Amino acid sequence: MFDTILIANRGEIACRVMQTAQAMGVRCVAVYSDADAAAMHVAIADAAVHIGGSAPAESYLRGDAIIQAALDTGAQAIHPGYGFLSENPDFVEAVEKAGLVFIGPSARAIRAMGLKDAAKALMVEAGVPVVPGYHGADQDDDLLMQEAEKIGYPVLIKAVAGGGGKGMRQVDDAKGFKAALDSARSEARSAFGNADVLVEKFVAKPRHIEVQVFGDGKKAVHLFERDCSLQRRHQKVIEEAPAPGMTDEMRAAMGAAAVRAAEAIGYAGAGTVEFIVDASDGLRRDGFFFMEMNTRLQVEHPVTEAITGVDLVEWQLRVAAGESLPLHQQDLSIDGHAFEARLYAEDVPKGFLPATGTLTHLHFTDRTRADSGVRAGDTISPFYDPMIAKVIVHGPTRDVALARLRAALSGAQVAGTVTNLAFLGALAGHAGFAAGDVDTGLIARDIETLTDVPAVEPWHRALAGMAALGLMVPQAEAGFTLWRPLRRQVMLAQGGEDDLLKVRVMSPDRQLWSVGEVEVTAERRAGTWYLDGHVAPEVSMAGATVTVFDGYGMVFDVVDPLARAAGRSGDGNLIEAPMPGMVRLVEAQVGQKVAAGDRLAVLEAMKMEHSLLAERDGVVVEVLAAAGDQVEAGAALVRLEAEDDAAA
């Protein structure tokens with residue numbers, strides 16, 4: 001076994017590899033970019049080496065710098081994780097040339113599966129079923145159109161290089177073929193530097209089912225299948241193992257085909273053989289077709305680990321160190337069911353745009369396996385994939401595992417950035433998904449329902465107000481007096497709307513909130529707050545932002561009335577009270593020349609003092625309030641005029 005390995009990756013997968021390697025007594029070296037200097041994978045490594053700038057091309061794609069870091073730190077092997085250089089055969093050869101071990105397949109195996117057309121030709125030779133289609137080298141437009149006619153519409157145009165849905169177009173009839181071909185080629189050329197395409201039969205009700213394989217360079221085994229049909233724009237969202245509706249006969253056929261594929265290229269290490277399955281008439285052993293092989297550890301490998309009890313990273317290290325396969329096929333079996341949901345920092349209402357932000361709070365339930373590369377306090381960088389965590393659950397049956405997934409998602413607490421958590425929760429609760437009736441088009445068909453925003457109730461707003469005013473643990477002097485309840489108020493912004501909330505604190509254990517026209521009663525019993533009978537969920541407050549952990553996280557911003565007042569339209573001549581309060585001090589005097597930003601008065605409200613500043617240069621022509629005055633929101637306090645106007 002190796003003494004030291006270097007992980008040529010970052011984030012979640014780097015942390016995942018270290019977890020197993022360090023448990024095996026193997027020393028781990030991390031590499032990091034400028035943006036990742038304080039990252040989690042750096043913090044937990046035994047040693048770390050800086051390899052360049054924040055952009056991947058300046059760091060994690062610099063094979064020479066990574067290899068040198070391995071040599072400098074005494075590493076004997078390099079684990080590539082997934083992405084970046086994990087499927088780059090030139091990097092594999094460079095690693096081996098430097099006298100190091102690449103923890104993964106050979107460069108020859110990676111090249112054999114690197115181009116979809118060549119890989120499919122190889123699979124035909126190995127007796128692996130492939131989707132009917134054209135995979136030839138002749139890329140003449142007319143020929144491709146003729147082949148599409150032979151295959152029969154609808155067809156799928158796919159780039160021969162790369163993946164992730166890029167360079168892929170569905171064509172329903174001949175008249176749309178040329179435009180789709182041009183578009184696919186353009187995208188493929190831009191993404192992969194290779195404009196070649198293949199044309200395949202489009203499967204009407206496709207399911208994406210993949211088989212985990214593991215080889216030692218001579219023999220291979222399969223560790224059963226994963227269903228990855230829940231996809232958005234060809235990107236996986238929730239994966240599960242085993243596949244719902246799978247029969248023993250079809251599982252044996254798919255597993256055998258995947259093993260033939262791996263052994264045909266002398267595969268060593270963890271790999272995944274992906275199949276497209278025609279589910280229009282159920283799962284049939286003659287209804288699956290080879291798509292591609294991923295020659296690396298997959299993002300969704302934890303669901304396979306959950307149902308087999310196998311640590312795939314441990315197997316990777318052992319086989320790379322020269323051991324044979326740890327188990328034979330007959331030794332492997334399925335135990336229960338598992339799901340994985342990919343939690344991302346992304347803005348779902350804005351079309352799932354990747355988001356950034358600093359995580360101010362991150363917590364998962366005890367039953368959840370959460371593979372993550374970030375912690376509270378970490379920043380989601382714009383340079384890399386915005387994954388926060390992989391939420392993984394296991395249960396004795398699919399129904400139990402799905403119930404645990406729903407509980408894990410509803411119990412997850414994330415603050416500091418927008419996420420797809422509510423979308424994942426809606427998907428986990430989808431009736432078709434619950435019934436196992438899944439295909440790759442499910443999300444697109446029901447996208448409006450799946451992206452509905454959970455309703456924010458008045459009691460949620462009241463709870464946010466309690467946090468904003470520090471009333472979750474009230475003290476006598478902050479909450480009430482012996483002769484009357486204390487009245488306070490706070491303005492919150494949520495969902496594009498501002499709400500002025502008012503509260504009467506009746507006692508340390510009872511508060512009456514006015515939320516618009518609705519009154520909410522908050523009572524504390526045995527240390528727990530109840531708002532109109534609802535048990536108060538946990539709340540996080542960071543700066544002026546309150547997150548209520550219900551409905552997958554509801555975010556409220558505490559509005560600074562002064563900042564809001566400064567943003568009002570107008571000529572800036574009239575200085576108004578931004579909220580009810582007492583005028584503590586008036587500094588403005590009639591005839592005084594002032595400059596923008598000068599303090600004119602001080603208002604005391606919400607137990608804080610707020611300075612009221614001149615919004616423009618001018619001359620004070622009226623002072624409309626005096627120290628000690630109690631004023632309402634919007635009350636005029638000082639009026640200015642331009643200097644020329646005042647002189648006239």
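**An open sheet and some salt bridges**

Let me begin with the sheet, in which 4 strands, in the order 33-40-38-35, form an open arrangement with antiparallel pairing; strands pair here if DSSP finds at least two bridges between them, and helices (H or I, at least four residues) and strands (E, at least two) are DSSP runs numbered from the N terminus. Its edge strands, each pairing on one side only, are strand 33 (574–576) and strand 35 (593–594). Strand 33 pairs with strand 40 (residues 636–641) over 3 bridges in the antiparallel sense, and Leu574 stands opposite Arg639 in strand 40.

This is a predicted model, where local features need pLDDT of at least 70, side-chain atom pairs count only at pLDDT 80 or more, and totals for chains, interfaces and linings use all residues. Residues are numbered from 1 along each chain as its sequence is written, and side-chain values use heavy atoms, with hydrogens and water left out.

Turning to salt bridges (a side-chain nitrogen of Lys or Arg within 4 Å of a carboxyl oxygen of Asp or Glu), a search of the whole structure finds 45. Which residue forms a salt bridge with Glu210? The partner is Lys236, with the closest N and O atoms 2.9 Å apart; Glu210 lies in strand 10 (residues 206–216) and Lys236 in strand 12 (residues 235–241), so the pair ties together parts that are 26 residues apart in sequence. Glu210 counts as buried at 0% relative accessibility, as does Lys236 at 14%, where buried means under 20% relative accessible area, exposed over 50% and partly exposed in between, with a 1.4 Å probe and protein chains only. Glu210 and Lys236 also belong to a salt-bridge network with Arg226, Glu239, Glu274, Glu300 and Arg342.
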